[in-house]
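Please examine the sequence and the three-dimensional structure shown below before reading the report.

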Amino acid sequence: MAAVRRKSPGSLSSLWGKLYTLWQDKHLVLFKTEYTLLVVSLLWFLEIGINVWVIQKVAYTEIDWKAYMDEVEGVINGTYDYTQLKGDTGPLVYPAGFVYIFTALYYITSHGVNIRLGQYLFAVFYLMTLLLVFRIYNRTKKVPPYVFFFVCCASYRIHSIFVLRLFNDPVAMMLLFAAVNLFIDGYWTLGCSIYSLAVSVKMNVLLFAPGLLFLLLSEFGLIRTIPKLSLCAGTILYLLFNLLLGLPFLLDNPVGYVSRAFDLGRQFMFKWTVNWRFLPEWLFLNRYFHLLLLSAHLLTLLLFAFRRWKRPGESVFELLKDPSKRKLPAQKSNIVLILFTSNFIGMCFSRSLHYQFYVWYFHSLPYLLWSGGVKKLAHLLRVLILGLIELSWNTYPSTNNSSAALHVCHLIILLCLWLAPPLAPAPAEKQKYTSVKDKHQ
C-alpha cells in the first residue's frame, strides 16, 4: 500500500504565517499595493454577478447596434463601396476591422436579432477588459487596491456602454489593453499588431500613437522602427494591416473607403457633446476653434515628449540612433504612463466627447491620478476627482456646469502629470552637475 504523502510542518506553518499576517494587516489590505491581486480577483468575480444582474434587470437601450448590423449586412450582401454602406444613424464610418468583427457578431446573434446574447457577449468583453486592466495595475503597483472598486463596480456609465448599448468602443479598448500588456512584457511586434487591429475597429486608439512612437524610438531607434527593416513600426504596420483588411473595399471604391473610414475632419453634433456644452454652438462648430484645439494638442504632446518623457540632458537625436550606438545607456521608459498620458492629452483637447467615449480613458484615470507629482494631493481629493468625472459623464444631457467640471478635473490631472518628477538625468548631465557643485565647494 502506497504511503500517504503528508504536507511538511514547514509548509503548513508558512501558510499559517501568511494567513496570520493577512489577518493582522486586514485594515491595510485596501491600501497596500502588495494586496492588489487579492482585491482585484474578488472584484472581478463580483463583476460577473453585477453584469448578469444589469443585463437581466436593466432595460436595453437601442442606439447603434441596429445600425452596425445594417452596415455589415450590406457587406455580407456584396456591397463593398463604403459610400453605399449605411445604417439608421448614418453612413459606415469605421475601418474594415470593425466590419469583420461585427460581421462575426452578426452571425452569432442570429443576424443581430438576439440582443440578449449580444449583451452577454459584451459582458465577456467587459470581463476580459477588466482582466487586462487589472494585470497592468498589478504589474505597476501604482494605485492602492481600494481604488479598483471605482474602476469597475461603481461606474454606471461604463456598464451601460458595454452591456446596455453594445458600442464598438469597448471592443477597440479591449484590444488596446491587450496591446499594452504585450508592450509591458516586451512583445513589441505582436503588441503593434494587436494595436493595429484596435485602430481598425475605431480610430480613437490613434490617440495612443504619439506615445507609442516615442516608446518605439526609445526601444529600437529610427532605423529599426521603419517597417522595411523591422515589424515594430506601429504607424506603417497599422497602414499595412488595414490595407489587407480593407482590400475588398479598396478594390471597389478606394476613395470612398479612405474618405469614410479615415475621416478625421468629421463634424460632431452639438447636442451630444459632453465637454463643450458651455460654449455657444457657433463656436463649437467653428473650424478655427478646431484648429486651436489641434494646435494645443500637438504643443502639449511635444512639451511632454521633450520635458517629461525624455531624460534631462539627453538629446532627442539620441532616440533616433540604434540603442547599441548611443552614447548614453538605454533606460527603460515608463510604458504605461507614456501611453496613458498620450491618450489623456488627446481627450483633454478633443473637439467633442460623446457619452460612449468615456471608455476611451476611464480605466486609465486612477493610474494617471496616482502617478502625478503633487504629493499633497490626498487620497480623498483623488477619489473626489474620479467622482466628479463620473458625475460629469452621467449627467444627461450635459450642462454648462458638468462640462466645466470635467475640464477642471482634466486640468488638475494634466498639471499633476506635468509636475511629476522627470526621469533620472542622463549620466553626462549628472556628471556636469557634480562638477559644478564640486567647483562651488
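## Basis of the report

The structure is a predicted model. The values given below are computed from this model.

## Aromatic pairs

A search of the whole structure finds 33 aromatic pairs. In one of them, the ring centres of Tyr-358 and Trp-393 are 4.8 Å apart and the ring planes meet at 10 degrees, so the pair is stacked. The reasoning rests on a cut-off: planes under 30 degrees apart count as stacked. This pair links distant parts of the chain, since its two members are 35 residues apart. Tyr-358 lies in the loop between helix H16 (335-348) and helix H17 (365-370), whereas Trp-393 belongs to helix H18 (residues 379-394).

Are these two residues buried or exposed? Tyr-358 has a relative accessible area of 1% and is therefore buried. Trp-393 is also buried, because its relative accessibility is 0%. For both residues, the cut-off is that buried means under 20% relative accessible area.

One aromatic cluster is formed by Trp-65, Tyr-68, Tyr-94, Phe-98, Phe-102, Phe-122 and Phe-125. Among the buried residues of H4 are Phe-98 and Phe-102. The buried residues of this helix also include Ala-96, Gly-97, Val-99, Thr-103, Leu-105 and Tyr-106.

Helix H4 (residues 96-108) has 13 residues, which should span 18 Å at 1.5 Å a residue. The expected span is 1.5 Å times one less than the number of residues. The end C-alpha atoms of H4 are 19 Å apart, which agrees with that expectation. After H4 comes Ser-110, whose phi is positive, near 55 degrees.

## Charges over rings

Which rings have an arginine over them? The charged end of Arg-277 sits over the ring of Phe-270, at 4.9 Å from the ring centre. Arg-308 lies over the face of Trp-418, and here the distance to the ring centre is 4.7 Å.

## A nonpolar surface patch

On the surface, Tyr-288, Leu-291, Leu-294 and Leu-298 form a nonpolar patch. Together these residues have about 460 Å² of accessible area.

## Salt bridges

How many salt bridges does the structure hold? There are five. One of them joins the side chains of Asp-70 and Lys-66, with an N to O distance of 3.4 Å. Both residues lie in helix H3 (residues 65-76), where they are four residues apart, about one turn of the helix. Asp-70 counts as partly exposed at 24% relative accessibility, and Lys-66 counts as partly exposed at 41%.

Another salt bridge is formed by the side chains of Arg-135 and Asp-185, at 3.0 Å from N to O. Arg-135 lies in helix H5 (residues 115-140) and Asp-185 in the loop between helix H8 (169-184) and helix H9 (188-201), so the pair ties together parts that are 50 residues apart in sequence. Arg-135 is partly exposed, with a relative accessible area of 34%, and Asp-185 is partly exposed at 31%. Asp-185 also meets Arg-139 in a salt bridge, with an N to O distance of 2.6 Å. This pair links helix H5, which holds Arg-139, to the loop between H8 and H9, which holds Asp-185, across 46 residues. Arg-139 counts as partly exposed at 41% relative accessibility. Salt bridges that share partners also join Lys-66, Asp-70 and Asp-88 into one network.

How values were computed
Residues numbered from 1 in each chain as written. Predicted model: local features only at pLDDT ≥ 70, side-chain atom pairs only at ≥ 80, totals over all residues. Heavy atoms only, no water. Phe/Tyr/Trp six-rings, centres within 6.5 Å; stacked < 30°, edge-to-face > 60°. Buried < 20%, exposed > 50% of the residue type's maximum accessible area, 1.4 Å probe, protein only. Lys NZ or Arg CZ within 6 Å of the ring centre and 35° of its normal. Patch = residues over 30% accessible without salt bridge, like charges linked within 9 Å, V, L, I, M, F, W, Y side chains within 5 Å. Areas by Shrake-Rupley, 256 points an atom, 1.4 Å probe, with all protein chains shown as cover. Salt bridge = Lys/Arg side-chain N within 4 Å of Asp/Glu carboxyl O.
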